[in-house]
Amino acid sequence: MTNQPYEPYEGQQGHQGQQGYDPYWQQAYEDPHAAQQYTQQWQGQTWETQMQAPVAPAAPAAADTAYLPPQGYEVPQGYEPPVYQEPVPVYEEPAPAPAAAPEPVAAPSGDYGPATLGGNSRVTDAQRARLEGRSPIIEPGMQPAALTAVLGLLLSGAAAVGSYALLVPLVLLQAVTAAGWFRLNGMWPARQGIALAFLGAIVADVALLAADRSPSAILGTLGVWVLLCLVLQLRSHADPDERMYGLMATVASSALAIVAAGYLAASADAVSVGAVSVAVAVLARALPLPTPASVVVSLLAAAGAGIAVGGMTGLGAEGALLGAGAGVCALIGHRVASYDYPSRFVHFTAGVALPLAAAAPAVYVLGRALG
């Protein structure tokens, strides 16, 4: 092969005279990355020797936040976009509350309103009497007196039959006594207290029959029941004042219901005279008479009933003393039942039962003394 001289192309003319033909130079010129295969390269982690300040985000351009009108509509000349302003709170004085309207007062009437601890919208007779400066004591009236008379006659007739026949009206009297005392004290419903007092009365009745009508059964039951009421009230989680109030009401109700069992311990003749005397005294007390005259008439009526029934039994004229004593106790119970705010339910429970329950000790004591 014939060697021909190298003819440089245009672009290599400036290097022909200095360095001549160089195949490596030609390859590097044609491929700039070809020289890297002959060069040692270092790969590894590197770090900056100078701390660079963090690049702050660019503030949004005013054109980005400006109001852009909707596309397709022409902006009228002189239009300026609305500028949002924070609302400034304005303090306003609160308007005065309207005065409460006075509670309507019911017109005076002879009906009783419902007795509640929180009061009611109706003005009761006792409240009206206090406002007018009169006595708030309200007599039970003729209907409770009639029920008392019926119950007294039942006791008198059952006593003539026998002790077990006397249990029927006596248990009814004890139940009404237990319920009436709690209602008289404004504690309603008081199912636990009523049940406890009534249970004590039943226990006293059973103990009397088992002990051959010995009065020691009444005293023993009364002592046990007072202790039981005290223990139960100590276990209560109520306030101290409420516990004391509940304790006194429970003890008093239990005592009255248990003491009423004195009719079962007394002789049959004394029960007959005393029950009739109470019935007559309560009926006379319900008559529309002035209070002093009504009390005198009631005592005279009780003594007369004692003489009348005593003549039919073995007591004779001594029945007048027994009748008068039972009448005094009945009037005391009647007076206690008048202290209510008021409720017909009180008068039909405490007003019916308290005259008879209060007269039971007098019937037993006077019956033993006269018989």
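Leu289 is found in the loop between α11 and α12 (291–312); helices here are DSSP runs (H or I, at least four residues), strands are runs of E with at least two, and both are numbered from the N terminus. Buried means under 20% relative accessible area, exposed over 50%, and partly exposed in between (1.4 Å probe, protein chains only).

Leu289 belongs to a nonpolar surface patch with Met142, Leu283, Leu287 and Val297, and together they have about 360 Å² of accessible area. A patch takes residues with over 30% relative accessible area and no salt bridge; nonpolar side chains (Val, Leu, Ile, Met, Phe, Trp, Tyr) are joined within 5 Å, like charges within 9 Å. The areas come from the Shrake-Rupley method with a 1.4 Å probe, and for residues only the protein chains shown count as cover.

## Basis of the model

This is a predicted model, in which local features need pLDDT of at least 70 and side-chain atom pairs count only at pLDDT 80 or more, while totals for chains, interfaces and linings use all residues. Residues are numbered from 1 along each chain as its sequence is written, and side-chain values use heavy atoms, leaving out hydrogens and water.

## The salt bridge

The structure holds 1 salt bridge, defined as a side-chain nitrogen of Lys or Arg within 4 Å of a carboxyl oxygen of Asp or Glu. Its partners are Arg285 and Glu139, at 3.3 Å from N to O. Arg285 lies in helix α11 (residues 268–285) and Glu139 in the loop between α4 (125–131) and α5 (142–161), so the pair ties together parts that are 146 residues apart in sequence. Arg285 is buried at 9% relative accessible area, whereas Glu139 is partly exposed at 29%.

Helix α6 (residues 163–184) has 22 residues and should span 32 Å at 1.5 Å a residue; its end C-alpha atoms are 30 Å apart, which agrees. The expected span is 1.5 Å times one less than the number of residues. A kink of about 30° in α6 is centred on Pro169, the bend being the angle between axes fitted to the seven residues ending there and the seven starting there. Just after α6, Gly186 takes a positive phi of about 75°.

Ala350 is found in helix α15 (residues 350–370) and is buried, with a relative accessible area of 2%. The C-alpha atoms of Ala350 and Leu184 are separated by 6.8 Å, although the two are 166 residues apart along the chain.
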